[in-house]
Amino acid sequence: IEAATNQACAAIMFNEEVDTNFAFHNLSGRYDEIRELSNAGSQENLSAGLIKELNLSYPQITEQQKIADFLSAVDEKITALTAQKTALTQYKQGMMQRIFSQTLRFKDDNGADYPEWGYSTISELSINGFSNGVFNDPKKVGSGYRLINVKDMYVKGSIDPTTLFKVDIDPSEFEKNKVLYGDIFFTRSSLVKEGIAYSNVFLKHDEDVTFDGHLIRMRADLAKTSPKFLYYLF
C-alpha cells in the first residue's frame, strides 16, 4: 500500500536492527514521556527533532519480534472483547425496548402467563413522594456520614457505598435524609446537559448513607415494586 503523511505527522523510519512493531509498542507505552517533550518550546508542539533524541532500549531482532507478536495478540484480544461488549450492550438495549414495551413477556415457574401489567403514576409507587438531599458543604468533607453525590450516579450497576466520601452534617438532618435499601435517585442538575435526569438505585443496607441536594430521591414502595426493576425501567 502506498501512503503519505501530511505536515501534522512525523514519520520514523527504523533500520534493520529494530522491528517496527516492537518500536510501536515500546513508544506507545511511553506516551506520557513523549507528551512532555511537547512542552519544551514556547509553543506546545512535538517535532521530529525532539523525538529523534529519545533513547530506545531493544534486544535482538528475534526477541523483538516475539515481544511484538505477544503484545499484538493482546491488542487483538482487547479489540475482540471490546466488540463483544458493544454487541452485548446493543443486545441489552434491544431487549429492554422489547421488555418494557411488553412485546416480550416472561412466564412464571409453572410456564403460565403472568397477568397484564398494571399502570400508575410514579408517585403512587413511592413512599413519602420525592425529596432533595442535604447541602454539600466542601468545608465539612472528610468525616461524618457517607454522601451519594452526582458523580456517584454515573456507574454501571447500583450505587457503590464503598466509594462514597463523608460529609459532617447534623444528626437530625441525616435522619431526615437517610438512605435506605431500594431508594431511587435522579440527578436534577449537572455540569453537562447529558448528566441531568440520570437515575440509579441503592441496593445495600448500610446505615450511614445520605444524599446530595443536587439529587432527587424516590423511596420505592417495596410492597408494590422492585427497585431493581425501576432502575432498569428508568
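1. **Basis.** This is a predicted model, in which local features need pLDDT of at least 70, side-chain atom pairs count only at pLDDT 80 or more, and totals for chains, interfaces and linings use all residues. Residues are numbered from 1 along each chain as its sequence is written, and side-chain values use heavy atoms, with hydrogens and water left out.

2. **The sheet.** Four strands make an open sheet, ordered β1-β7-β4-β5. Their pairing is antiparallel. The edges belong to β1 (126–132) and β5 (199–201). Each has a single partner strand, so one side of each lacks a neighbour in the sheet. From one strand to the next, the twist averages 20°. Axes here are lines fitted to C-alpha atoms, for helices over the stretch in contact, and angles run from 0 to 180 degrees between N-to-C directions. Strands (E, at least two residues) and helices (H or I, at least four) are DSSP runs, numbered from the N terminus. Two strands pair if DSSP finds at least two bridges between them.

3. **Strand β7 and its partners.** β7 covers residues 215–220 and β4 covers residues 183–187. They pair in the antiparallel sense over five bridges. Opposite R219 in β7 stands D183. I184 stands opposite M218 in β7. β1 also runs antiparallel to β7, joined to it by four bridges. There, F130 faces M218 of β7 as its opposite residue. Five of the six residues of β7 are buried, so this strand is largely enclosed by the rest of the structure. Buried means under 20% relative accessible area, exposed over 50%, and partly exposed in between (1.4 Å probe, protein chains only).

4. D183 and R217 meet through their side chains in a salt bridge, 3.4 Å from N to O. D183 lies in strand β4 and R217 in strand β7, so the pair ties together parts that are 34 residues apart in sequence. Both ends are under cover: D183 is buried at 1% relative accessibility, and R217 is buried at 6%. The criterion is a side-chain nitrogen of Lys or Arg within 4 Å of a carboxyl oxygen of Asp or Glu. Eight salt bridges turn up in a search of the whole structure.

5. What is the distance between the closest N and O atoms of D208 and R146? They are 2.7 Å apart, in a salt bridge. D208 lies in the loop between β5 and β6 (209–211), and R146 in strand β2 (residues 141–148), so the pair links parts 62 residues apart in sequence. R146 is buried, with a relative accessible area of 14%. D208 is partly exposed, at 23%. A network of salt bridges links R146, D206 and D208.

6. **K151 and D152.** These two residues meet side chain to side chain in a salt bridge of 3.1 Å, N to O. K151 is partly exposed, with a relative accessible area of 49%. D152 counts as buried, at 5% relative accessibility.

7. **Aromatic rings.** F100, W117 and F229 form one aromatic cluster. The model has seven aromatic pairs by the rule used. That rule pairs rings of Phe, Tyr and Trp (its six-membered ring) if their centres lie within 6.5 Å; planes under 30 degrees apart count as stacked, over 60 as edge-to-face and the rest as tilted.

8. **A nonpolar patch.** I67, F70, L71, V74 and I78 make a nonpolar surface patch of about 410 Å². L71 sits in helix α4 (residues 61–100). L71 is partly exposed, with a relative accessible area of 31%. Patches are made of residues with over 30% relative accessible area and no salt bridge; like charges are joined within 9 Å, nonpolar side chains (Val, Leu, Ile, Met, Phe, Trp, Tyr) within 5 Å. Accessible areas come from the Shrake-Rupley method with a 1.4 Å probe; for residues, only the protein chains shown count as cover.

9. **Two positive phi values.** Most residues other than glycine have a negative phi. Q102, not a glycine, has a positive phi near 65°. Q102 lies in the loop between α4 and β1 and is partly exposed at 22% relative accessibility. N128 is not a glycine either, and its phi is positive at about 65°. N128 lies in strand β1 and is exposed, at 72% relative accessibility.
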